[in-house]
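Here are my notes on the model, point by point. Please read them with the structure open.

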Amino acid sequence: MPAQSTLSRLRQRGLVVLAATAAFAAGAVVAPSSLPVATAADCADILFVGARGSDQDFGLGEQVDDVLRGVREALADPRVPERSLQVRAVEYPARPVQDFFTDAGQQRWLSGMTAGVDTFVELLESQAKRCPDQALLLAGYSQGAMVIQ
């Protein structure tokens, strides 16, 4: 329930939310409780948050990174107003798809996804407090798409 109210507040503040199902790679998520309060000058115009797919290494993963590359190319277009971009990866235990086909593995897979959802919601809540006017671009691939859904 708290995650739903947070997303509702984000939408009410006029933030752009784009859910893409692909992958992105760049930096780990800092523990949101350790983030200082930012001034508007400290906040990028756009926050790109990505979650990699099942069994992909830490970071964004190949598919989400492809989406991020496209976003950066679009922002570099001289016809597009200049916007700053911050990139965050949702770090969570992205279990292999094969885990889903055994009882014990299914529990690991689901608990990994749940941990990702918790990390993602904590990141969004923290970022909304730090940078309430920041636009959001969200991308996830495979299990990562389920995390940010």
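1. **Nonpolar surface patch.** Val97, Phe100, Phe101 and Leu110 make a nonpolar surface patch of about 380 Å². The model is predicted. Val97 sits in the loop between strand 3 (85-89) and helix 3 (103-130). Its relative accessibility is 41%, so Val97 counts as partly exposed.

2. **Surface and burial overall.** The protein chain exposes about 8200 Å². Carbon and sulfur atoms supply 55% of that area. The chain has 149 residues, and 44% of them count as buried.

3. **Fold layout.** How many helices and strands does the protein chain have? There are 4 helices and 4 strands. Read from the N terminus, the order is α-β-β-α-β-α-β-α. Now take the contacts with a separation of 6 or more: 83% of them link residues 24 or more positions apart.

4. **Strand 4.** Is strand 4 mostly covered or mostly open? Strand 4 spans residues 135-140 and is mostly covered, with 6 of its 6 residues buried. Ala135, Leu137 and Ala139 point one way. Leu136, Leu138 and Gly140 point the other way. Both sets are buried.

5. **Pairing of strands 2 and 4.** Strand 2 covers residues 46-51. In which sense do strand 2 and strand 4 pair? The sense is parallel, over 6 bridges. Gly50 stands opposite Ala139 of strand 4, and Ala139 is one of the buried residues described above.

6. Gln56 belongs to the loop between strand 2 and helix 2 (62-76). Buried or exposed? Gln56 counts as buried because its relative accessibility is 19%, and the cut-off for buried is under 20%. Please treat that label with the cut-off in mind. The side chain of Gln56 joins that of Gln63 in a polar contact of 2.6 Å.

7. The structure holds 6 salt bridges. One of them pairs Arg52 with Glu91, and the closest N and O atoms are 3.3 Å apart. Why does this pair tie together parts that are 39 residues apart in sequence? Arg52 lies in the loop between strand 2 and helix 2, while Glu91 lies in the loop between strand 3 and helix 3, so the bridge links those two parts. Arg52 and Glu91 are both buried.

8. Asp66 and Arg69 meet through their side chains in a salt bridge of 2.7 Å, N to O. Both residues lie in helix 2, 3 residues apart, which is about one turn of the helix. Asp66 counts as partly exposed because its relative accessibility is 41%. Arg69 is partly exposed too, with a relative accessible area of 41%. Salt bridges that share partners join Asp65, Asp66 and Arg69 into one network.

9. **Asp77 and Arg79.** The side chains of Asp77 and Arg79 form a salt bridge, 2.5 Å from N to O. What is the relative accessible area of Arg79? The value is 72%, so Arg79 is exposed. The cut-off for exposed is over 50%.

Conventions
Residues are numbered from 1 along each chain as its sequence is written. This is a predicted model: local features need pLDDT of at least 70, side-chain atom pairs count only at pLDDT 80 or more; totals for chains, interfaces and linings use all residues. Side-chain values use heavy atoms; hydrogens and water are left out. Buried means under 20% relative accessible area, exposed over 50%, partly exposed in between (1.4 Å probe, protein chains only). Contact means heavy atoms within 4.5 Å. Accessible areas come from the Shrake-Rupley method with a 1.4 Å probe; for residues, only the protein chains shown count as cover. Patches are made of residues with over 30% relative accessible area and no salt bridge: like charges are joined within 9 Å, nonpolar side chains (Val, Leu, Ile, Met, Phe, Trp, Tyr) within 5 Å. A salt bridge is a side-chain nitrogen of Lys or Arg within 4 Å of a carboxyl oxygen of Asp or Glu. Two strands pair if DSSP finds at least two bridges between them. A polar contact is a pair of N or O atoms within 3.5 Å; within protein, one must be able to donate a hydrogen and the other to accept it, and residues adjacent in sequence count only if both atoms are side-chain atoms.
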